[in-house]
Structures are given as structure tokens and as C-alpha cells.
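Q: I would like to learn how to read a few features of a protein model. Please give the general idea each time, and then the case at hand.

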Amino acid sequence: MNNHRWRLSLLSSLLLLSSAAQPVIIYETGFERSEGYQSNQALIGQLGWEGLGLEGHSVEDFDDYGRTALVGFYQPLEEDGVKPNSISVWRPLRFDPLGESLPIVDFSVFFEIVPSEVGENDEFRWSAFNLNEEPLFKFNFDTFSGEISFSSDGGENFDLLGFNFQPGGFYHFAVTMNFERNLLSATLNGLVIANGLPITATDAELTLGDIDAVWVLIDPENPGDNFMLFDDYRVIASSIGSIPSIVEVIPNREEETFSLLVFGEPDRVYTLEESSNLNDWTPLSSIAAPADGIIELVTRNSMDNRPVFYRAWTP
């Protein structure tokens, strides 16, 4: 990924839950043979998976990954004489986070986007919808440019997030949603790529119907043979009070110092603590998160060889 932040091996960022509430599994699958998935077959129709599109999706066996799902590669078939401009697959979740008093929902998946050898390089998305089938948010991955963008306005107006992915790379993608406050954050391989963004910018109902894997064809007349593999698809929910914070480190090697970024929810007060042994914690400061939920603490002290761990928590 193209980014300006990274983690130091001698420093650790910790995610601290505000309660010990056990998460509830809404849905999870690894597309394994033991679950009943059939390889070399369409994904739609297997074990409750639904979708839009004839062809362009399947369950396959790969040497590196075992049995996994994919969208793309296979030429989509015309429907009523019209070539589709997208293929979508989803497993209905039918979940009401606020009605179930489980407002924090985590979606996670492993994926790899393989670029085209023939035809266009297309786009792939993870798109969420509510119980009324209204669009919520979308994360778009552009195979041609490697850019990642986001939309929650219900349409096709996307904003670049300032991060890139590498086609052919293997990624863990996670989105944590707070349905009580209409907020989400997202990470790619553990790095925060979105924070404090709305689940919906259109006042759509805050429920969760499904989270779709989508193949967007740039030119339906000349679709690429690119595809997105995805595996270990998981959705869980919990009653913790907020999206857990993440602490990231910004090193300054020239001055042998570092700074910290705390990613949290807007308008919450976070207490930052440090430890050398993960048992004894020393409070450093308490700061209210600004509108984007990101607290930046400039250079604190010199980096040395001692391990230092940080965490941030909110009541």
C-alpha cells in the first residue's frame, strides 16, 4: 500500500475494547468443502448465497488458498439482450443492530485482486445495503490505478482515500461500524484507511441487509479477465460502546523521535497510556477527538531499544 504511516517493530499499537462483551457471530464462512461448497460451480445458489449476474462468479480451488470464492474472470452473459455492467454476490444477513442492542458490527474478509491479461482492468467493490435494499457504503478498488475510494451517498460519487493497493497482493480488509452513531472505520492489512466516515450519508435506515462482493465492468463490451478472490468472510456484532481505537506510530528517523496517531470516534475523549510490560500502564493524556476522529500527538521522546506499548481507550 502507498501510505505515509507504518508500524515500528519495537512499538506496538493496541486495540482496547471498552468492555468484555462477547461478540455474536452473524455469519461466517471459509467456502470449505466441509461446509458443503462445491468447486467449479457458480457461487449464487450455494448455501444461501444470492446475487445479480449470469456467470462472473464461482467457487474454485487454488493451490495457495484452498477452496475460495471469486467474482470476475468469467465473461458475464447477456440478460434480455443486455450486457451487464456489474456482477454482485451476497449472503443475506438480515440484521438489525440497534433492535438487537448490538450496535458495533465488524465485517472482515481476505481478498486478492488479480489484474487482467486480456481486456479492461475493472473495479471491484465491497458494498453494504440495509434491510430495505437501500445502499449504505461502498469501498471501491480500482485495478487499473490501484486507488481505493469510498462512497456513502447512495450513488456513484466516490472520494479517494489516499491509499493504494497492489493488484496481485493479498489483503485482510476489515470495516467496523457503529450503527448507533452512523460511523465506520476500515483497515487494510491492519493499517487504517478510513476513519469517522458515515455508514450512510442519505439518512437510509441503519440496518444491515447484506455486504456484497461486486465486479464493476468498465467496458461491458470488453470485460477484463481480472477477478477478485475472497475468503474467510465474517460478520460479528457486539454491545461495546464504541468502535475500538487504534494507535499508529509515525517515526522520524532523522531526529530519532516518533509521533502517535490515535484513530477513534469523533467527539469522544480518549485516554492514551503507555507501558513497557503490558501489565503496568501509565496515563499520558486525555484528549477529545476532533471531527475526523483522529488525534495526532507530535514527537514525544527519543526512540531507544526498550519496548514501548501504547493504547487508547474511551469510557
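Q: Is phenylalanine 141 buried or exposed, and what is its relative accessible area?
A: Buried means under 20% relative accessible area, exposed over 50%, and partly exposed in between, with a 1.4 Å probe and protein chains only. Phenylalanine 141 has a relative accessible area of 0%, so it is buried. This is a predicted model, in which local features need pLDDT of at least 70 and side-chain atom pairs count only at pLDDT 80 or more, while totals for chains, interfaces and linings use all residues. Residues are numbered from 1 along each chain as its sequence is written, and side-chain values use heavy atoms, with hydrogens and water left out.

Q: How is a pair of aromatic rings described?
A: A pair of aromatic rings is described by the distance of the centres and the angle of the planes. Here, rings of Phe, Tyr and Trp (its six-membered ring) pair if their centres lie within 6.5 Å; planes under 30 degrees apart count as stacked, over 60 as edge-to-face and the rest as tilted. By this rule there are 23 aromatic pairs. One of them joins phenylalanine 139 and phenylalanine 173, edge-to-face, at 5.3 Å centre to centre with 75° between the planes.

Q: Which strands does the pair of phenylalanine 139 and phenylalanine 173 link?
A: Strands (E, at least two residues) are DSSP runs, numbered from the N terminus. Phenylalanine 139 is in strand 9 (residues 135-142) and phenylalanine 173 in strand 12 (residues 170-178), 34 residues apart. Phenylalanine 173 is buried, at a relative accessible area of 0%. Phenylalanine 141 also forms an edge-to-face pair with phenylalanine 173, at 5.7 Å centre to centre and 90° between the planes. Phenylalanine 141 lies in strand 9 and phenylalanine 173 in strand 12, so this pair ties together parts that are 32 residues apart in sequence.

Q: What is the order of the strands in the open sheet of seven strands?
A: Strands of a sheet pair through backbone hydrogen bonds, either parallel or antiparallel. Two strands count as paired if DSSP finds at least two bridges between them. The order in this open sheet is 3-6-15-8-9-10-11, and the pairing is antiparallel. Strand 3 (50-52) and strand 11 (159-164) stand at the edges with a single partner strand each, so one side of each has no neighbour in the sheet. Three bridges join strand 3 to strand 6, and glycine 51 has valine 89 in strand 6 as its bridge partner.

Q: Where does aspartate 212 lie, and which side chain of opposite charge is nearest?
A: Lys and Arg count as positive and Asp and Glu as negative; His and the chain ends are not counted. A salt bridge is a side-chain nitrogen of Lys or Arg within 4 Å of a carboxyl oxygen of Asp or Glu. Aspartate 212 lies in strand 15 (residues 210-216). Aspartate 212 is buried yet has no salt bridge, and the nearest side chain of opposite charge, lysine 138, is 9.8 Å away.

Q: Which residues does arginine 94 touch, not counting residues up to four places away in sequence?
A: Contact means heavy atoms within 4.5 Å. Arginine 94 touches Glu50, Leu131, Leu208 and Gly209, with residues up to four places away in sequence not counted. Arginine 94 sits in the loop between strand 6 (86-90) and strand 7 (104-114). Its relative accessibility is 60%, so arginine 94 counts as exposed.

Terms used
Helices (H or I, at least four residues) and strands (E, at least two) are DSSP runs, numbered from the N terminus.
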